[in-house]
Amino acid sequence: MSAVLRRVLLSAAGSDRIKRVAVRAPLSRGIVSRFVAGEDTDAALSVTRQLVARGLLASIDRLGEATTDAETAQATADAYVDLLAKISDAGLAEFAEVSLKLSSLGQALDADGEAIALDHARAVCAAAKAAGTTVTLDMEDHTTTDATLSALRDLRADFPDVGAVLQAYLRRTEGDCRDLAGEGSRIRLCKGAYREPESVAFQDQAEVDLSYVRCLRVLMRGRGYPMVATHDPRLIAIAAAMALQTGRAKDEYEYQLLFGVRPDEQRRLSERGEKIRVYLPYGTQWYPYLTRRLAERPANVAFFLRAVATRR
Ligand code: FDA
């Protein structure tokens, strides 16, 4: 896709005005079944069960970001705690963790946003521990990277298995990988999904891919647990080769792919005995998530427009 269309879509992902219109539209069935598990926890658990039946793992994300009031931040934390109890009750804790955006917990609130988000994240991590599963902190735009990594350090003091995401498009990330490649450190490496300025991020896809390889090498050679989050066949092949070279057993790293993206590849890798975790979003706040997916692939734009045009 042209870089221009990608930029337009990523701007639209951050537009409150477009979002207000879009989220009022009922989620069309096509979109629900393709990229989002559904609107509520039951739908998320039901799809998780289907994934598990196919030998896959899940990281469940309750859609929502850029929370602008304290009540919504509290409600989001409560919803995660409830989700985790339900994961446990359903006997899915061994197979499903949760992904969490600190901005959904109030990170950007004017007064003490970072402290508020950290407190809520602590409650979610405690609920995950009680349920017998883990939390991974999603990474958002570059203005939040330091705050999110700082929260990660705080949370890991009590919950060492909290995972984090690093984005290969950021120039800083190779260094962050070095800092975070220690024993037990769960790091999801992705390319990065936000519109970022040249001063902080590689703009050229080839440069992003090269950065991904350098970062992955650091993580694979380290003592942590790399989570290889990409649909890119070349990077998946490189990850497999690096895992072999570094002598990692198949339970010492995992691949992660988004729900609805390359399901055949998810199955193929799983059948090869690889650990595959599917990032599974659910909820009503699907607009920014979906727009970022559109920016990644032109075929998805046509799919989306068709789905909206035929929505009930
Ligand atoms: P890219 O989009 O460049 O695609 C590379 C190649 O993969 C394509 O050329 C094609 O061959 C193949 N491909 C991709 N999509 C396909 C499709 N639909 N069908 C067939 N082939 C396809 N980002 C972020 O900023 N913060 C975060 O916390 C996360 N979290 C996260 C979790 C997980 C599990 C994943 C997989 C991704 C994220 N991301 C993310 C998103 C990530 O940063 C990135 O935007 C997308 O994964 C797209 O990048 P790819 O690595 O897939 O490559």
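Reader: Is Thr136 buried or exposed, and how is that read?

Author: Buried means under 20% relative accessible area, exposed over 50%, and partly exposed in between, with a 1.4 Å probe and protein chains only. Thr136 has 0% relative accessibility, so Thr136 counts as buried. This is a predicted model, in which local features need pLDDT of at least 70 and side-chain atom pairs count only at pLDDT 80 or more, while totals for chains, interfaces and linings use all residues. Residues are numbered from 1 along each chain as its sequence is written, and side-chain values use heavy atoms, with hydrogens and water left out.

Reader: Where is Thr136 found, and with which residues is Thr136 in contact?

Author: Helices (H or I, at least four residues) and strands (E, at least two) are DSSP runs, numbered from the N terminus. Thr136 belongs to strand β3, residues 135-137. Contact means heavy atoms within 4.5 Å. Setting aside neighbours within four places in sequence, Thr136 touches Glu97, Val98, Ser99, Leu100, Gly163, Ala164, Val165, Arg186, Arg188 and Met227. The C-alpha atom of Thr136 is also 8.8 Å from that of Lys101, although the two are 35 residues apart along the chain.

Reader: How many of the chain's residues are buried, and what share of contacts comes from residues 24 or more positions apart?

Author: Of 312 residues, 55% count as buried. Among contacts with a separation of 6 or more, 73% join residues 24 or more positions apart. The chain contains 13 helices and eight strands.

Reader: At what angle do helices α5 and α6 pack?

Author: Axes are lines fitted to C-alpha atoms, for helices over the stretch in contact, and angles run from 0 to 180 degrees between N-to-C directions. Helix α5 (residues 70-89) meets helix α6 (residues 113-131) at about 5°, with the axes 9 Å apart. The pair is therefore roughly parallel, a label for angles under 35 degrees; over 145 is roughly antiparallel, 65 to 115 roughly perpendicular, and the rest oblique.

Reader: Which residues make that contact?

Author: From α5 come Ala73, Gln74, Ala77, Tyr80, Val81, Leu84 and Ser88, and from α6 come His120, Ala123, Val124, Ala127, Ala128 and Ala131. Ala, Val, Leu, Ile, Met, Phe, Trp, Tyr, Cys and Pro count as nonpolar, Asp, Glu, Lys and Arg as charged, and the others, Gly among them, as polar. By that scheme the contact has ten nonpolar, three polar and no charged residues.

Reader: What span should helix α4 have?

Author: The expected span of a helix is 1.5 Å times one less than its number of residues. Helix α4 (residues 41-53) has 13 residues and should span 18 Å, which agrees with its end C-alpha atoms being 18 Å apart. Helix α7 (residues 145-158) has 14 residues and reaches 21 Å, close to the expected 20 Å.

Reader: Against which elements do the buried residues of these helices pack?

Author: The buried residues of α4, including Leu45, Val47 and Leu51, pack against β1 (57-62), α5, β2 (96-100) and β8 (276-282). Those of α7, among them Leu149, Leu152 and Arg156, pack against α6, β3, β4 (163-167), α8 (173-179) and β5 (186-190).

Reader: Which residues have a positive phi?

Author: Gly55, which follows α4, is one of them, with phi near 85°. Ala66 is not a glycine, yet its phi is near 50°; Ala66 sits in the loop between β1 and α5 and is partly exposed at 48%. Arg262, another non-glycine, has phi of about 50°. Arg262 lies in the loop between β7 (254-258) and α11 (263-271) and is partly exposed at 32% relative accessibility.
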